[in-house]
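The entries follow in the order in which I made them.

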Amino acid sequence: MSRFIGGFIAAFVIAGVVGFWYLDSGRLDTQALGQKPPAFEAWLAGHALDASVARREPAASDRIGSNDTTLAAGGALYDDHCAVCHGTPSATGVLADALYPPAPQFSERPPDPNVDHDFYVIKYGIRWTGMPGWGHTLSDRQIWTVVTYLKRFDSLPPSVALRRSQGRARWSYQ
Ligand code: HEC
């Protein structure tokens, strides 16, 4: 038994030394531009994120109903704070693949269907990624307004969609 524990500790120490050597020798590529995580890394990180959020997300409160006024307000907040990375219903975010991991484009891959998950992630951000926490910038009510907008991202009423598509020019840098 003590041999087993000794072997286990030795393996642990060797893994630590090899890991330190790998990082210290500069072999880890720290570039972000145009890089995509390998499938295993994406799966592991996604799993850890889901488990962490599920453990901490608060019970739903203060959700905002969806109507033309709240959708327009959510769209304005989204264009100001989020479109640069996540894109609009019709355009890719200019920083989409400048981040590691890349920012998901909500027109192609809608956010998690669980709105409590989305609220939590938007308020607190996601460590080790480009996703900022907005809890010091937006009120809870504003975050719910953006979540409501995201739910309707691919089915916006025509009046709201038109105004948003005019607003997106801001992020095109052209
Ligand atoms: C600087 C770039 C950047 C900005 C600005 C940004 N995000 Fe993100 N966001 C990211 C990245 C990168 C991820 C992916 C993190 C990951 O892979 O776990 C992400 C993830 C998310 C997710 C989780 C997606 C999912 O399916 O689980 C949501 C929801 C989200 N962002 C909403 C927003 C909202 C709303 C705003 C604006 C208030 C915003 N983001 C602003 C970069 C950004």
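**Entry 1: a helix pair.** I looked at α3 and α6 and noted that they are roughly perpendicular to each other, because an angle of 65 to 115 degrees counts as such, while under 35 is roughly parallel, over 145 roughly antiparallel and the rest oblique. Their axes come within 8 Å and cross at roughly 100 degrees; the axes are lines fitted to C-alpha atoms, for helices over the stretch in contact, with angles running from 0 to 180 degrees between N-to-C directions.

**Entry 2: conventions.** The model is predicted, and local features need pLDDT of at least 70, side-chain atom pairs count only at pLDDT 80 or more, and totals for chains, interfaces and linings use all residues. Residues are numbered from 1 along each chain as its sequence is written. Helices are DSSP runs (H or I, at least four residues), as are strands (E, at least two), and they are numbered from the N terminus.

Entry 3: I143, W144, T145, V146, V147, Y149 and L150 of α6 are buried, a residue being buried if 20 or more other C-beta atoms, placed from the backbone, lie within 10 Å of its own, exposed if 12 or fewer, and partly exposed in between. The buried residues of α6 pack against α3 (68–81) and α5 (115–124). I then turned to α2 (39–56), which has 18 residues and reaches 26 Å from its first C-alpha to its last, close to the 26 Å expected, yet its count of buried residues is zero.

**Entry 4: the ligand.** Which residues come nearest to the ligand? Of the 23 around it, I noted C82, C85, A103, T129 and M131, a residue being near if its C-beta atom, placed from the backbone, lies within 6 Å. The shell divides into 17 nonpolar, four polar and two charged, and α4 (83–86) and α5 each supply at least two of its residues.

Entry 5: A cis peptide bond joins Y100 and P101, with omega about -5 degrees, and P101 lies in the loop between α4 and α5. In the loop between α5 and α6 I found W128, which has a positive phi of about 65 degrees although it is not a glycine, and which counts as exposed with 10 C-beta neighbours inside 10 Å. T88, in the loop between α4 and α5, has 24 such neighbours and counts as buried. Finally, V17 of α1 (2–24) and D140 of α6 are 45 Å apart, C-alpha to C-alpha.

Notes
Two residues are in contact if their C-beta atoms, placed from the backbone, lie within 7 Å. Ala, Val, Leu, Ile, Met, Phe, Trp, Tyr, Cys and Pro count as nonpolar, Asp, Glu, Lys and Arg as charged, and the others, Gly among them, as polar. The expected span of a helix is 1.5 Å times one less than its number of residues.
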